[in-house]
Amino acid sequence: MMNKLIYAALPAMLCMTAFSSCSNKEDEPATPAAKTIEGSYVGNMDCSVMGSVSTFEEMTYTVKATDESTVSVTLPAFGEAPMAMPVIELTGVKVSEADGTVTLATTEVSGQTDGGKNYTCTMSGSVQGNILNIKYNLTYGAMPMPLICSSTATKK
């Protein structure tokens, strides 16, 4: 009698196992890399010129998705006059994702501030979890050498 109950219950248990192994999460489309990293990140920034390092605290970096694989990155203003660096926005930054890390492709932008100073900025970085690691070289105005800046910032 017990064997008949076990044999009768076995197909039902197999069906339940089969259905429980299916997950709705697998059926959902993956969130594009650009959307997963969108947001504001805050952290300290080290900036060096000819070996002299300055640290700027609580710098905010903003990442906005412009499509599934492209973001814009806004770098914060820092410093004091006459060497105050302006906010710089890098557009068209390509992103790719592998093994839980989103890589921001090396991107260069050149422009001129409202005050008429020329600048060139080359940036690269990555986001893993809620941590942004960013590095950029900024040549500003008549400076003969770039500011070399790096930051590890946490998503707010």
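**Figure 1. The largest nonpolar core of the predicted model.** The largest nonpolar core in this predicted model has 35 residues. A nonpolar core is a set of buried Ala, Val, Leu, Ile, Met, Phe, Trp, Tyr and Cys residues joined through side-chain atoms within 4.5 Å. Buried means under 20% relative accessible area, exposed means over 50%, and partly exposed lies in between (1.4 Å probe, protein chains only). Tyr61, Val71, Val73, Leu75, Phe78, Leu104 and Tyr136 have the most contacts inside the core. Strand S7 (residues 131–140) gives the largest share of this core, five residues. Helices (H or I, at least four residues) and strands (E, at least two) are DSSP runs, numbered from the N terminus. Residues are numbered from 1 along each chain as its sequence is written, and side-chain values use heavy atoms, with hydrogens and water left out. Because this is a predicted model, local features need pLDDT of at least 70 and side-chain atom pairs count only at pLDDT 80 or more, while totals for chains, interfaces and linings use all residues.

Figure 2. Contact means heavy atoms within 4.5 Å. Leaving out residues up to four places away in sequence, Phe78 touches Met45, Cys47, Phe56, Met59, Met83, Ala84, Met85, Tyr136, Leu138, Leu147 and Cys149. Cys47 is buried, with a relative accessible area of 4%. Cys149 is also buried, at 2% relative accessibility. The structure holds zero disulfides, a disulfide being a pair of cysteine sulfur atoms within 2.5 Å.

Figure 3. Lys135 lies in strand S7. Is Lys135 buried or exposed? Lys135 counts as exposed, because its relative accessibility is 57%. Not counting residues up to four places away in sequence, Lys135 touches Thr122, Met123, Ser124, Cys149 and Ser150. Lys135 and Cys149 are 14 residues apart in sequence, and their C-alpha atoms are 5.7 Å apart in space.

**Figure 4. Strand S3 and its two partners.** Strand S3 (residues 70–75) is mostly covered, with five of its six residues buried. S2 and S3 run antiparallel and are joined by five bridges; two strands pair if DSSP finds at least two bridges between them. A hairpin through two residues joins S2 to S3. Asp67 stands opposite Thr70 in S3. S3 also pairs with strand S4 (residues 88–98), in the antiparallel sense and over five bridges. The bridge partner of Thr70 in S4 is Lys94.

**Figure 5. Strand S8 between S1 and S7 in pairing.** S1 and S8 pair in the antiparallel sense over six bridges. Ser48 stands opposite Ile148 in S8. S7 and S8 pair over eight bridges, also in the antiparallel sense. In S8, Ala153 is the bridge partner of Leu132. S7 and S8 form a hairpin with six residues between them. Gly141, in the turn of this hairpin, has a positive phi of about 55 degrees.

**Figure 6. Met143 in the loop between S7 and S8.** Met143 is found in the loop between S7 and strand S8 (147–155). At 14% relative accessibility, Met143 counts as buried. Which residues does Met143 contact, leaving aside its neighbours within four places in sequence? They are Met83 and Met85. Met143 and Met83 are 60 residues apart in sequence, and the distance between them is 9.8 Å, C-alpha to C-alpha.

**Figure 7. Two residues with positive phi.** Most residues other than glycine have a negative phi. Met50 has a positive phi near 50 degrees and is not a glycine. Met50 is found in the loop between strand S1 (39–49) and strand S2 (52–67). With a relative accessibility of 71%, Met50 counts as exposed. Glu58, which is not a glycine either, has a positive phi of about 55 degrees. Glu58 lies in strand S2, and at 58% relative accessibility Glu58 counts as exposed.

**Figure 8. The whole protein, for orientation.** The protein has three helices and eight strands. Along the sequence, the pattern is α-α-α-β-β-β-β-β-β-β-β. Of the 156 residues in the protein, 31% are buried. Among contacts between residues at least 6 apart in sequence, 40% join residues at least 24 apart. The accessible surface comes to about 9,800 Å², and 55% of this surface belongs to carbon and sulfur atoms. Accessible areas come from the Shrake-Rupley method with a 1.4 Å probe; for residues, only the protein chains shown count as cover.
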